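Q: Please take a close look at a single part of this model, the annotated site, and then follow the elements around it. I would like one connected description.

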Amino acid sequence: MQKKPLAIAIMGPTASGKTAAALEIARHMPAEIISVDSALVYRGMDIGTAKPSLAERASVPHHLIDILDPADAYSAMQFRQDALRLVEDIRERGKLPLLVGGTMLYFKALRDGLDALPQADAEVRARLDAEAARIGMPAMHARLATRDPETAARLKPNDSQRIQRALEILELTGQPMSQLLARTPKTELPFDIFPLSLEPSDRSVLHERIAQRFDAMLQGENGGLLGEVKALRARGDLHPGLPSIRCVGYRQAWEYLDGTCDLPTLREKGIAATRQLAKRQLTWLRSMPERIVVDCLAPDATAIVLNHVRIACGSPQ
């Protein structure tokens, strides 16, 4: 049987050093980077997303960064279509595709294929939004638990985006999302994915990294994260209900600029939300037993990643 071409997945929680590892690979091997990050797709959102710098992007080709206006939405389906095309294009150029990021839903969509769920319905979503504003998200979660207990059990009562989606699917199809997903056939990729995961041996150290990085974002050039969010607000067409503004850090900064909290509270909430994101990412990763784990806190983590990739590709050490 002919061996499939290879793509490398560099996964891990936020602040685990995925970009540094990918750049180290690209310094030693001909490679191109495909971003697997639902926030990096947005233009004008650089600081709060920890987007690779212009110099880093100039040193190696990057894809799926700055491809969308913050007023627009980008789905797992769109990502899968784009990633399949890009992997093929990169392989045809004789280079190694590096799938790099922390949006685990995108990795899952690429690996397992797309579900048979209906597209979003603006009218149903608006109605659910209005209802959530009236009775609260915990009550919406309780409603979901009566009709789709399996989905509700894996969602937190304040996970507004996913609770809304599950209730929307119930309205549109009359069937629980968990049943629809169970009937989704698996699809076979035209390439193999070699999964590397940067994970912390001590989560408290990762938490400190997250706090330091968020502080750096607040203190960045041109007003840092707050300056960036002020510019987004000044457009007049963006609002907190958009996927872009719901991104971690942006949502909290928007609330601060609305006057609903002070700066210390913004910092506290932003760091807490980022740590929660890291926790969810690690939970996703633990469901992938085939992954190769590298301690992201090891001083030679990038060298270890590079060595694994060289072995997978059959390259000399």
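A: **The listed site and its surroundings**

The UniProt record, an unreviewed entry, lists Gly 12, Pro 13, Thr 14, Ala 15, Ser 16, Gly 17, Lys 18 and Thr 19 under "binding site". The model described here is predicted.

Two of the listed residues can be followed in detail. Gly 17 sits in the loop that links strand S1 (6-11) to helix H1 (18-28), whereas Thr 19 is part of helix H1 itself. Gly 17 has a relative accessibility of 30% and therefore counts as partly exposed. Thr 19 is also classed as partly exposed, because its relative accessibility is 31%.

Once neighbours within four places in sequence are set aside, Gly 17 is in contact with Leu 198 and Arg 209.

Val 100 leads from the site to strand S4. This strand covers residues 96-100, and five of its five residues are buried, so the rest of the structure largely encloses S4. Burial applies to both of its faces: Leu 96, Leu 98 and Val 100 lie on one side, with Pro 97 and Leu 99 on the other.

S4 pairs with two strands described here. S1 runs parallel to S4 and is joined to it by three bridges; within this pairing, Ile 10 has Val 100 as its bridge partner.

Next come the aromatic side chains. Searching the whole structure gives two aromatic pairs. In the pair of Tyr 74 and Tyr 106, the ring centres are 6.1 Å apart and the planes are at 70 degrees, so the arrangement is edge-to-face. Tyr 74 is in the loop between strand S3 (62-63) and helix H3 (76-92), while Tyr 106 is in helix H4 (residues 104-112), so this pair ties together parts 32 residues apart in sequence. Tyr 74 and Tyr 106 are both buried.

Phe 79 and Tyr 106 are stacked, because their ring centres are 4.7 Å apart and their planes are at 15 degrees. Phe 79 belongs to helix H3 and Tyr 106 to helix H4, so parts 27 residues apart in sequence are tied together by the pair. Phe 79 is buried, as is Tyr 106. Tyr 74, Phe 79 and Tyr 106 make up one aromatic cluster.

A separate ring contact involves a charge: Arg 233 lies over the face of Trp 254, 4.9 Å from the ring centre.

Terms used:
Residues are numbered from 1 along each chain as its sequence is written. This is a predicted model: local features need pLDDT of at least 70, side-chain atom pairs count only at pLDDT 80 or more; totals for chains, interfaces and linings use all residues. Side-chain values use heavy atoms; hydrogens and water are left out. UniProt positions are given in the numbering used here, feature names are shortened, and annotations may be inferred rather than shown by experiment. Helices (H or I, at least four residues) and strands (E, at least two) are DSSP runs, numbered from the N terminus. Buried means under 20% relative accessible area, exposed over 50%, partly exposed in between (1.4 Å probe, protein chains only). Contact means heavy atoms within 4.5 Å. Two strands pair if DSSP finds at least two bridges between them. Rings of Phe, Tyr and Trp (its six-membered ring) pair if their centres lie within 6.5 Å; planes under 30 degrees apart count as stacked, over 60 as edge-to-face and the rest as tilted. A charge sits over a ring if NZ of Lys or CZ of Arg is within 6 Å of the ring centre and within 35 degrees of the ring normal.
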